[in-house]
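Here is a short briefing on one protein model and its ligand. Look at the structure first, then work through the points by topic.

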Amino acid sequence: MSADIPVSSAELTRAAELVAAARRGVAFTGAGVSAESGIRTFRGEGGLWRQYDPYKVASIEGFRSDPAVYWGVAREGWRMYRKAEPNPGHRALAALEEAGHLVGVITQNTDGLHRDAGTRKLIELHGNGRTVRCLDCGATEPRADIQARLERELPPRCRVCGGMHVKPDVVFFGEALPSAAMMEAFRMARECDLMLVVGSSLQVYPAADVPEVAADRNVPLVIVNDEPTPLDVAATVVVRGRAGEALPEIARRAAGA
Ligand code: OAD
């Protein structure tokens, strides 16, 4: 579901006022911010987890017992990731950092598009899928290099030790989140003067704890999402719509405020 955004809506204006007043704002993003770049979300209409069982495809237990299941799905998924470019939503967040309203972005996404859009301070809670790592010897290589091998080798073997457990540098179900990233994300949530949540169903923990920390401190909470989220009840303003349309509009109005 993607609602149309009334361009002059009171919600956009209120969101822009809050963003304009922020000096230590933090954005917390999920798959929805990359949907307009052509990357599938996990939940909701067209979501990956409607087609695949996440525990079979993206759990560390499943991966260790049969890495070919993950790589069979990832071989197809890469075709969409490879072509993806930042959309106006990613760029608006980078512009808000540049303008001094946001100190950075905390993302659950592993696609690297915030960095491509120019976000300088980026916390990737679930890792980054552009690198793969051998679980046996630790050797790394670019994800792009694996794609050609996948056509003839499933699962792909480590080029250094021949091991079968070459895994993208992303957090699978059953794995701990990177502790430095988690600590920094919670520090930012404790110190921010605005929390801007974009394109996340807020159903996956511990990541979803991060915006809740800010909400508990009663700093302004702005949610931009095309469907309701569990945190809407605590939000100062909810903008129901697409990130790629709403965020540039919020940034434009904040610049004029
Ligand atoms: P989800 O797929 O759970 O949620 C995406 C949210 O974005 C949904 O609420 C959509 O309605 C909304 N949405 C879709 N398109 C949008 C658009 N153009 N503009 C605004 N909102 C839009 O994604 P996440 O919350 O990121 O974990 O999922 C969290 C984690 O679950 C992921 O990081 C991944 C997954 O399993 C790991 O890989 C460990």
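The ligand is surrounded by 23 residues. Closest to the ligand are Phe42, Arg43, Ser200, Ser201 and Asp226. Keep in mind that this is a predicted model.

**Around the ligand**

- The side chain of Arg43 has an N or O atom 2.7 Å from an oxygen atom of the ligand.
- Gly199 uses its backbone instead: a backbone N or O atom lies 3.3 Å from an oxygen atom of the ligand.
- Glu227 has a side-chain N or O atom 3.4 Å from an oxygen atom of the ligand.
- How much of the ligand does the protein bury? Taken alone, the ligand exposes 800 Å², and the protein buries 94% of that.

**Aromatic rings**

- A pair of aromatic rings is described by two things: the distance of the centres and the angle of the planes.
- The whole structure holds seven aromatic pairs.
- One of them joins Phe42 and Trp49, with ring centres 5.3 Å apart. Their planes meet at 35°, so this pair is tilted.
- Phe42 is also among the residues closest to the ligand. Its relative accessibility is 28%, so Phe42 counts as partly exposed.
- Tyr55 and Phe173 make another tilted pair, at 5.2 Å centre to centre and 40° between the planes.
- Tyr55 sits in helix H4 (residues 54–57), while Phe173 sits in the loop between strand E6 (166–170) and H10. The pair therefore ties together parts that are 118 residues apart in sequence.
- Are these two residues buried or exposed? Tyr55 is exposed, because its relative accessible area is 54%. Phe173 has 25%, so Phe173 is partly exposed.
- Ring pairs link Phe42, Trp49, Tyr55 and Phe173 into a cluster.

**Charged side chains**

- Lys167 lies over the face of Phe172, 4.5 Å from the ring centre.
- Glu184 belongs to helix H10 (residues 179–191).
- Which side chain does Glu184 meet in a polar contact of 2.7 Å? The partner is Lys121.
- Beyond its neighbours within four places in sequence, Glu184 is in contact with Lys121 and Ile123.

**A loop residue**

- Asn218 lies in the loop between helix H11 (209–216) and strand E8 (221–225).
- With a relative accessible area of 68%, Asn218 is exposed.
- Asn218 and Ala234 are 16 residues apart in sequence. In space, they are 8.9 Å apart, C-alpha to C-alpha.

Note on methods
Residues are numbered from 1 along each chain as its sequence is written. This is a predicted model: local features need pLDDT of at least 70, side-chain atom pairs count only at pLDDT 80 or more; totals for chains, interfaces and linings use all residues. Side-chain values use heavy atoms; hydrogens and water are left out. Helices (H or I, at least four residues) and strands (E, at least two) are DSSP runs, numbered from the N terminus. A polar contact is a pair of N or O atoms within 3.5 Å; within protein, one must be able to donate a hydrogen and the other to accept it, and residues adjacent in sequence count only if both atoms are side-chain atoms. Contact means heavy atoms within 4.5 Å. Buried means under 20% relative accessible area, exposed over 50%, partly exposed in between (1.4 Å probe, protein chains only). Rings of Phe, Tyr and Trp (its six-membered ring) pair if their centres lie within 6.5 Å; planes under 30 degrees apart count as stacked, over 60 as edge-to-face and the rest as tilted. A charge sits over a ring if NZ of Lys or CZ of Arg is within 6 Å of the ring centre and within 35 degrees of the ring normal. A residue is near a molecule or strand if one of its heavy atoms lies within 4 Å of it. Accessible areas come from the Shrake-Rupley method with a 1.4 Å probe; for residues, only the protein chains shown count as cover.
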